Amino acid sequence: MATSADVRQDLARLADPRRAEASSRFLQMVPGGYGEGDTAIGVSVPDQRRVAARYWRDLSLAETADLLTGGVHEERLTSLFVLVRKFARADETERGRIVDIVLSHTRHIDNWDLVDSSAPYILGPWLLDKDRSVLDRLAGSSLVWDRRIAVMATFAFIRAGDFDWTFRLADRLLRDPHDLVHKAVGWMLREVGNRDRAAEEQFLASRYQAMPRVMLRYAIEKFDPRRRAEYLSGSA
């Protein structure tokens, strides 16, 4: 069986200091940034996906969870790529174990790329036919990443034509203090609109003037220029 140490060694061999410096800036692993305290070693996302593809079958859930607790950003992202692959091919019992790992380790899913690479593909699909109250708990968390996980999980519902929870969480997070939550909510509203423009505009009608600007811009990004201008001027 493969171990988390094997994956770490493979990632270390792929490390690039110049890429690490760029990643640290991009993901704000700098003093005062939302990723402060994290460490990048400079492994590209395609390379991380290849490592995950090499190990996902032989890496146990315990070893994958160990990788998820690592102090290196690429280790955590690779572990999530492994979990996504495992989840897609697992039975219901195994899927439940994977979801338990994700929910018990959200403090380690602590940047937007980690959230966006996992929540729509693990937690969201799991909740399609289950009680979704965990999303209310996450949306009420003091951790910005928990709140983003809640929103991004609804992408799976949107793909299934179910918009209710996206709207529910958008309402709840309308005045969230963090722009990374604003962007996630706006993105998911845009995805609703890509499938049902009337449903999105009905939601926006009584809320767009109170929305943070970045949330609104993300939500209306695919609208034609005239309609975007109406929303942005407050005359929609």
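Helices, here, are DSSP runs of H or I with at least four residues, and strands are E runs of at least two, both numbered from the N terminus. By that count the protein, which is a predicted model, has 15 helices and zero strands. Its radius of gyration is 19 Å, close to the 18 Å that the globule rule gives for 236 residues, so the protein is as compact as a globular protein of that length.

**Overall form and surface**

- The C-alpha trace of the protein spans about 60 × 40 × 30 Å when it is laid along its principal axes.
- Of the 236 residues, 54% count as buried, while the accessible surface of the protein comes to about 10800 Å², with 48% of that area belonging to carbon and sulfur atoms.

- Helix 5 covers residues 73–89, and at 1.5 Å a residue its 17 residues should span 24 Å, which agrees with the 25 Å between its end C-alpha atoms.
- Because 14 of the 17 residues of helix 5 are buried, this helix is largely enclosed by the rest of the structure.
- Helix 11, made of residues 164–172, has Trp165, Thr166, Phe167, Leu169 and Ala170 as buried residues.
- The buried residues of helix 11 pack against helix 9 (133–139) and helix 10 (144–159), and also against helix 12 (179–195) and helix 13 (197–205).

**Glutamine 28**

- Glutamine 28 lies in the loop that runs between helix 2 (17–26) and helix 3 (45–55), and with a relative accessibility of 31% it counts as partly exposed.
- Most residues other than glycine have a negative phi.
- Glutamine 28, although it is not a glycine, has a positive phi of about 55°.

**Tryptophan 112**

- Tryptophan 112 lies in helix 7, which covers residues 112–116, and its relative accessible area of 24% makes it partly exposed, given that buried means under 20%.
- When residues up to four places away in sequence are not counted, tryptophan 112 touches Phe26, Leu27, Tyr34, Trp145, Arg148 and Leu180.
- Tryptophan 112 and phenylalanine 223 are separated by 111 residues in sequence, and from C-alpha to C-alpha they are 25 Å apart in space.

Methods
Residues numbered from 1 in each chain as written. Predicted model: local features only at pLDDT ≥ 70, side-chain atom pairs only at ≥ 80, totals over all residues. Heavy atoms only, no water. Rg over C-alpha atoms; globule rule 2.2 N^0.38 Å. Buried < 20%, exposed > 50% of the residue type's maximum accessible area, 1.4 Å probe, protein only. Areas by Shrake-Rupley, 256 points an atom, 1.4 Å probe, with all protein chains shown as cover. Expected span 1.5 Å × (residues − 1). Contact = heavy atoms within 4.5 Å.
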